[in-house]
Amino acid sequence: MTGASIRIRRGIVATLMAAVASFCGISSAGAYEMLPAASLKTNQFDYEYVEPTNPVHRPLYEALKKMQILEKFQEFFSPLRFPVRIKLKVKGCDGVVNAYFWEDAIQVCYEYLDWVMQQAPKSEKLGLTPRDALIGPTVDVFLHEAGHAVVEVLEIPFFGREEDVADYFASYVLLQFAKDDARRLILGASFLSGKEASDEQGKAPEMRILADTHGLPAQRFYSRLCMAYGFDKELFGDVVEMGYLPQSRARNCRYEYQTNETAFKALIMPYIDPDLMKSMKAKRWFQFESSAAPGAASMK
Ligand SMILES: [Zn+2]
């Protein structure tokens, strides 16, 4: 989901500024300009655990508060230099399984997190215990929505669908954690999207489904694995050996990872405080119970 109205509001400001610049004889045609440094600050994230309206979500609400999940994301996102404050929210969405960035808030529905838990494997898969398999998709959804926030709030230009941008942003960031954590996060997120993809492929495809702003579940599954394999072909070699990622795609993945890394470094890194990022990278964020060794079990 996107915060189109926010983008339009800021788009109007940018257009007005460009009009003033051209009136004053200043040409900015063709140049991408960063937002003025004076308007940018670190530590711009707040959080809110919204009381669930559906009593079914109360144990989840209590568990998330106990885990301090939003406090952790608040700290993790603190190096981002933003011109506005952003709220991290978990809340009930009247039965709709969703997560979105809207009105300067990253909002993840209890219904979405509930759905993730229902999809969790019943036994160990690819070396991940059922509990550990939940961590990847949970981190992934917050990062995906943060990807929307980054391009919309910072007015970062991009080609293609914003949903794809948010997916690649999330995959790239997942891969920046310590290598064994990165592997378990990517495999957890891939387990969920692989299951969603096979459920979806089993249905008769309707033409209009292909018009969605998101990639198809199977495409999103392959793109994440491709980013991972492109990042480190030893760490993720087994996803190709076991046939989860076809060779035909795998051979291009190094290039695919690198093009995204180049874009991240050129467009987003200037908005990240380097010292704060260093301390975030040094921190161990997760307590996985499974070993990170390449697994030989099935993903399905
Ligand atoms: Zn999205």
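**Entry 1: ground rules**

I number residues from 1 along each chain, as its sequence is written. Since the model is predicted, I take local features at pLDDT of at least 70 and side-chain atom pairs at pLDDT 80 or more, while totals for chains, interfaces and linings use all residues.

**Entry 2: the chain overall**

I looked up the secondary structure and found 12 helices and 4 strands in the protein chain. Helices (H or I, at least four residues) and strands (E, at least two) are DSSP runs, numbered from the N terminus.

I then looked up burial. A residue is buried if 20 or more other C-beta atoms lie within 10 Å of its own, exposed if 12 or fewer, and partly exposed in between, with C-beta atoms placed from the backbone. Of the 300 residues, 34% count as buried.

For contacts I use C-beta atoms, placed from the backbone, that lie within 7 Å. Among contacts with a separation of 6 or more, 68% join residues 24 or more positions apart.

**Entry 3: the sheet**

In what order do the strands of the open sheet run? I read β1-β2-β4-β3, an open sheet of 4 strands with mixed pairing. Two strands pair if DSSP finds at least two bridges between them. β1 (45-49) and β3 (99-102) each have a single partner strand, so they stand at the edges and one side of each has no neighbour in the sheet. From one strand to the next the twist averages 15 degrees.

I followed β2 (residues 86-91) through its pairings. It pairs with β1 in the parallel sense over 5 bridges. Within that pair, V90 of β2 is the bridge partner of Y49, and D46 stands opposite K87. β2 also pairs with β4 in the parallel sense, over 5 bridges. There I noted K89 opposite Q107 of β4.

Which residues of β2 form its covered face? They are I86, L88 and V90, whereas K87, K89 and K91 make up the uncovered face.

I describe two packed helices by the angle between their axes and the distance between the axes. Axes are lines fitted to C-alpha atoms, for helices over the stretch in contact, and angles run from 0 to 180 degrees between N-to-C directions.

The axes of α4 (residues 110-119) and α5 (residues 132-153) come within 10 Å and cross at roughly 155 degrees. The two helices are therefore roughly antiparallel to each other. The classes are under 35 degrees for roughly parallel, over 145 for roughly antiparallel, 65 to 115 for roughly perpendicular, and oblique for the rest.

The crossing of α4 and α5 is right-handed. A crossing is right-handed if the near helix is turned clockwise from the far one by less than a right angle, and left-handed if anticlockwise.

In this contact Y112, L113, V116 and M117 of α4 meet L134, P137, T138 and V141 of α5. By class I get 7 nonpolar, 1 polar and no charged residues. Ala, Val, Leu, Ile, Met, Phe, Trp, Tyr, Cys and Pro count as nonpolar, Asp, Glu, Lys and Arg as charged, and the others, Gly among them, as polar.

**Entry 4: α6 and α8**

For α6 (residues 162-174) and α8 (residues 217-231), the axes come within 9 Å and cross at roughly 35 degrees. This crossing is right-handed. From α6, D167, Y168, S171 and Y172 meet R220, S223, R224 and M227 of α8. I sorted the residues of this contact into 3 nonpolar, 2 polar and 3 charged.

Where does V50 lie? I placed V50 in the loop between β1 and α2 (58-67). V50 counts as partly exposed because it has 15 C-beta neighbours inside 10 Å. Leaving out residues up to four places away in sequence, V50 touches K89, V90, K91 and G92. Its C-alpha atom is 9.7 Å from that of Y110, 60 residues apart along the chain.

D94 is in the loop between β2 and β3. It is not a glycine, yet its phi is positive, about 55 degrees. D94 counts as exposed, with 9 C-beta neighbours inside 10 Å.

D104 is in the loop between β3 and β4. Its phi is also a positive value, near 55 degrees, in a residue other than glycine. Is D104 exposed or partly exposed? With 17 C-beta neighbours inside 10 Å, D104 counts as partly exposed.

Conventions: Contact = placed C-beta atoms within 7 Å.
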